[in-house]
Amino acid sequence: MPLEFELCPGRMIGGNHPCFIIAEIGQNHQGDIEIAKKMIKMAKDCGSDCAKFQKSELDHKFNKKALERPYNSVHSWGKTYGDHKRHLEFSHEQYKELQKYADEVDIFFTASGMDEMAVEFLHELNVPFFKVASADNSNFPYLKKTAKKGRPMVVSSGMQNMETMRQVYKTVKEHNPNFTILQCTSAYPLEAEDVNLRVLTEYQKEFPDIPIGYSGHESGIVISVAAVAMGAKVVERHVTLDKTWKGNDHEASLVPSELAELVRSIRLVERALGNGVKQMLPCEKPCHDKLGKSLVAKVKIPKGTVLTQDMLAVKVAEPMGIDAEDIFKMVGKKVKKDVEEDESILPEVVEGYCKKRKC
């Protein structure tokens, strides 16, 4: 069983605990704190466990030329990339306001720390866990410093190969046992052929002592639900209030109705997974009582007869006799009384017969 740990206060993940569902608001708030609050409330109303944002200290994440380059995209909020990012970046005080609001509506709140200084701020903000974005999963000094903070970590694995992820695992594990790795493909929107859900199975083999999860950018919810059926203990999906809004992520995000259906479907699949023990369940008894097959006499069988297989038939019988699956065990046994043709062969009629698992 994969490791289980407390990701947020009072909320365990891994093992048989419910999948932890992260609504990734990211920067889909358009730089508007009131929209951000509406999205936090939407995440809560749809049943998500956590509302997550992205926090950057821009001068630490980008060099000057990266911030100064012209940004002429239809998704741009400014003439330069720096202007664009500054429009979308909330201040420290705004983050505190959002955190307070999330607490009021009773949903966990955190953010991806997109650089080391952002992680320092989020640590001061006392977020329940750190999210490591795919762009930073090979930034080993960042990983080491973040792990040393001691907070649980959720690490996405987009744009990497297994060898790099082994190094990621080793780097974090050395300093922090409480983390999960999410299978992720960094494309927006993501085509089904590039999802590669089987990586979940490989991660479970490679890293058997941590929970594994999935961060998806595909359209719809089916693939994310399948990830849970394959063992994902954390699911992260981008969310939006309007897929047509300006921004690269909106097209690959879920609107409220889709997020609510994702949560409902994940919880349904979790109920359906069961405990892995194959046995006849109480709910099956009416069907078994009505249609279950048992042994009847194909011919009249006098008292003292040693049974052969050609004397026995399998039918739905009244009363229900010996289970059909025991037909071969009956060969060579004697009957203790006469059995008429087409009559049920009852357990007490066969000498030495003992019902399975009861003797």
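Okay, so a salt bridge here is a side-chain nitrogen of Lys or Arg within 4 Å of a carboxyl oxygen of Asp or Glu. With that in hand: what we're looking at is a predicted model, and a search of the whole structure turns up 27 salt bridges.

Let me take a few of those. Arg86 pairs with Asp83, and their closest N and O atoms are 3.4 Å apart.

Next, Glu116 and Lys145 meet at 3.0 Å, N to O. This pair links distant parts of the chain, with Glu116 in helix H6 and Lys145 in helix H7, 29 residues apart.

Then there's Asp209 with Lys173, at 3.1 Å. Asp209 is in the loop between H9 and E9 and Lys173 is in helix H8, so this pair ties together parts that are 36 residues apart in sequence. And some salt bridges share partners: Arg11, Asp49, Arg267 and Glu270 are joined into one network that way.

Now, the inside. The largest nonpolar core has 65 residues, and the ones touching the most other members are Ile40, Phe53, Met153, Ile181 and Tyr214. Helix H1, residues 33–45, gives the largest share of this core, seven residues. There's also a second, separate core of 15 residues, including Leu312 and Tyr353. Back to Met153 for a moment: among the residues it touches are Phe130, Leu143, Val172 and Phe179.

Last stop, strand E10, residues 234–238. How many of the residues of E10 are buried? Five of the five, so the strand is largely enclosed by the rest of the structure. Val234, Glu236 and His238 are on one side, with Val235 and Arg237 on the other.

Who are the neighbours? Strand E3 runs parallel to E10, joined by five bridges, and Ala23 stands opposite Arg237. E9 also runs parallel to E10, with three bridges; there, Ser215 has Glu236 as its bridge partner.

And how do we get from E9 to E10? Through helix H10: E9, H10 and E10 make a right-handed β-α-β unit. H10 has buried residues of its own, namely Ile223, Ser224, Val225, Ala227 and Val228, and their cover includes helices H9 and H11 plus strands E9 and E10. Just after H10, Gly231 takes a positive phi of about 115 degrees.

Methods:
Residues are numbered from 1 along each chain as its sequence is written. This is a predicted model: local features need pLDDT of at least 70, side-chain atom pairs count only at pLDDT 80 or more; totals for chains, interfaces and linings use all residues. Side-chain values use heavy atoms; hydrogens and water are left out. A nonpolar core is a set of buried Ala, Val, Leu, Ile, Met, Phe, Trp, Tyr and Cys residues joined through side-chain atoms within 4.5 Å. Buried means under 20% relative accessible area, exposed over 50%, partly exposed in between (1.4 Å probe, protein chains only). Helices (H or I, at least four residues) and strands (E, at least two) are DSSP runs, numbered from the N terminus. Contact means heavy atoms within 4.5 Å. Two strands pair if DSSP finds at least two bridges between them. A crossover is right-handed if, with the strands pointing away from the viewer, the path from the first strand over the helix to the second runs clockwise. Lists of a residue's contacts leave out its neighbours within four places in sequence.
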